[in-house]
Amino acid sequence: MGTTFAEAKRKGGPLMFSWADHVVLYLIWAHNGFDIDKLAGWLRYQTTTVSNAINRIRPLLHQYLTHFWTSSRRRPRPVPFSSLSHIGLLMDSTSVEVFRPTGCFEEAKKYWDGKNKNYALKVEVAVMASAPHFCFFVSKGVPASIHDYTLHLMNFASYISYLLKTPAEQLLLLDDDRNQSSWAIVGDKAYNGAESDTLGLRRIAIPKALIFGSVIEAYANDLARIRVAIEQFFGRLEIKWGIFRHVYKWSHETFDQDFQICCFLTNEAINETELVNNDALFHDALNSVRTERQQARDAKRREALEKYHNSKKRKTALDTPDF
């Protein structure tokens, strides 16, 4: 990391903070999700000074963490206690709430997340199927109206080389079909689609149609049990990083770097404390709160609109002369 910062120092001007101070400042901001002007006030610095420090350290931190976590990814390992031991990655998309984009309605509605009832950016993330469930793949953010499967088609090629089995891994997976040269990647029901859509990728999705008590239901339940780790990862990320627990208030141009930095820093947190069920519960509860908050806004808006129309009708009735 020192090499990265040394190169930046040669290119840039004099620093008000040390590089360590830059990193600490970024972590304080990202963890708490503070407005930069409030953070600057508490630290007794000018807002531009703090903002420039965060903007300066962001690309360097992103460069270092991306290299550290993606240059030599840990290889997949068999999933324990399951007949689906050949699953290597778990994937899902998550939406990060943003403010309504400025501009015309046609542009703004592209960011509308119909599921969570808010404006958002959507990201696809893939984590290891076996513990410690590190995150190795993070897509770029796209408007939330784009379907999960469409986003997957934009990114599936990045998984193929990682999921190819080594000769030792082929011998390790005795219960897997020997004709399969790859580990599998698992998604939820949104990832059902033709195999030809993602040639070269061994994709498994939870079946949409289930028959109670059937073999298919047991298979889907096993997939869902394994897949819970991706929900736990999202929950841990939201617990650790306030900029994504709350509305992301900053430029969409810095979103990708901030999200990827926080995903890789969440890996560091998992190194200290493994993912647990409470992480997934937090993720579900946060999504529920966001949905309820937007539904309350919609109800208030409808009530105000109805009140306006009723008032207009009464005024029209009073202004209309009787004959």
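A residue counts as buried when its relative accessible area is under 20%, as exposed when that area is over 50%, and as partly exposed in between. At 18% relative accessibility, Asp298 therefore counts as buried. The model is predicted, and the secondary structure of the protein comes to twelve helices and seven strands.

**Confidence and overall make-up**

- The mean pLDDT of the protein is 87, and 90% of the residues score at least 70.
- Confidence is lowest in helix α1 (residues 2–11), where the mean is 52.
- Confidence is highest in strand β4 (residues 135–138), at 97.
- The protein has 323 residues, of which 46% count as buried.
- Of the contacts between residues at least 6 apart in sequence, 68% join residues at least 24 apart.

**Packing of α4 with α11**

- Helix α4 (residues 47–70) packs with helix α11 (residues 255–272) at an angle of about 50°, and their axes are 9 Å apart.
- Because of that angle, α4 is oblique to α11.
- The crossing in which α4 passes α11 is left-handed.
- On the α4 side, the contact is made by Arg58, Pro59, Leu61, His62, Leu65, Thr66, Phe68, Trp69 and Thr70.
- On the α11 side, the contributing residues are Gln257, Asp258, Gln260, Ile261, Phe264, Leu265, Asn267, Glu268 and Asn271.
- Sorted by class, the contact of α4 with α11 has eight nonpolar, seven polar and three charged residues.
- His62, one of the α4 residues in this contact, counts as buried at 17% relative accessibility.
- Leaving aside neighbours within four places in sequence, His62 is in contact with Gln257, Gln260 and Ile261.

**Packing of α2 with α4**

- The axes of helix α2 (residues 19–32) and α4 come within 9 Å and cross at roughly 100°.
- α2 and α4 are therefore roughly perpendicular to each other.
- From α2, the contact draws on Trp19, His22, Val23, Leu25, Tyr26 and Trp29.
- From α4, the contact draws on Val50, Ala53, Ile54, Arg56, Ile57, Arg58, Leu60 and Leu61.
- By class, the residues where α2 meets α4 are eleven nonpolar, one polar and two charged.
- Arg58 and Leu61 of α4 take part in the contact with α2 and also in the contact with α11.

**Packing of α2 with α11**

- α2 and α11 have axes that come within 12 Å and cross at roughly 95°.
- These two helices, α2 and α11, are therefore roughly perpendicular to each other.
- The α2 residues in this contact are Tyr26, Leu27, Trp29 and Ala30.
- The α11 residues in this contact are Asp258, Ile261, Cys262 and Leu265.
- The contact of α2 with α11 divides into seven nonpolar residues, no polar residues and one charged residue.
- Tyr26 and Trp29 of α2 take part in the contact with α11 and also in the contact with α4.

- Lys117 is placed in the loop between β2 (112–113) and β3.
- The phi of Lys117 is near 60°, a positive value in a residue other than glycine.
- Lys117 counts as partly exposed, at 31% relative accessibility.
- Asp298 is found in helix α12 (residues 277–319).
- The C-alpha atoms of Asp298 and Lys117 are separated by 9.4 Å, although these residues are 181 residues apart along the chain.
- Arg293 also lies in helix α12, and at 33% relative accessibility Arg293 counts as partly exposed.
- Between the C-alpha atoms of Arg293 and Lys117 the separation is 9.0 Å, with the two residues 176 residues apart along the chain.

**Backbone features in other loops**

- Arg44 is found in the loop between α3 (36–43) and α4.
- Arg44 is not a glycine, yet its phi is positive, at about 65°.
- At 77% relative accessibility, Arg44 counts as exposed.
- The peptide bond joining Ala131 and Pro132 is cis, with omega about 15°.
- Pro132 has its place in the loop between β3 (118–128) and β4.

Conventions: Residues numbered from 1 in each chain as written. Predicted model: local features only at pLDDT ≥ 70, side-chain atom pairs only at ≥ 80, totals over all residues. Heavy atoms only, no water. Axes fitted to C-alpha atoms, helices over the stretch in contact; angles between N-to-C directions. Helix = DSSP H or I, 4+ residues; strand = E, 2+ residues; numbered from the N terminus. Parallel < 35°, antiparallel > 145°, perpendicular 65-115°, else oblique. Left-handed = near helix turned anticlockwise from the far one by under 90°. Contact = heavy atoms within 4.5 Å. Nonpolar A, V, L, I, M, F, W, Y, C, P; charged D, E, K, R; others polar. pLDDT = per-residue confidence, 0-100. Buried < 20%, exposed > 50% of the residue type's maximum accessible area, 1.4 Å probe, protein only.
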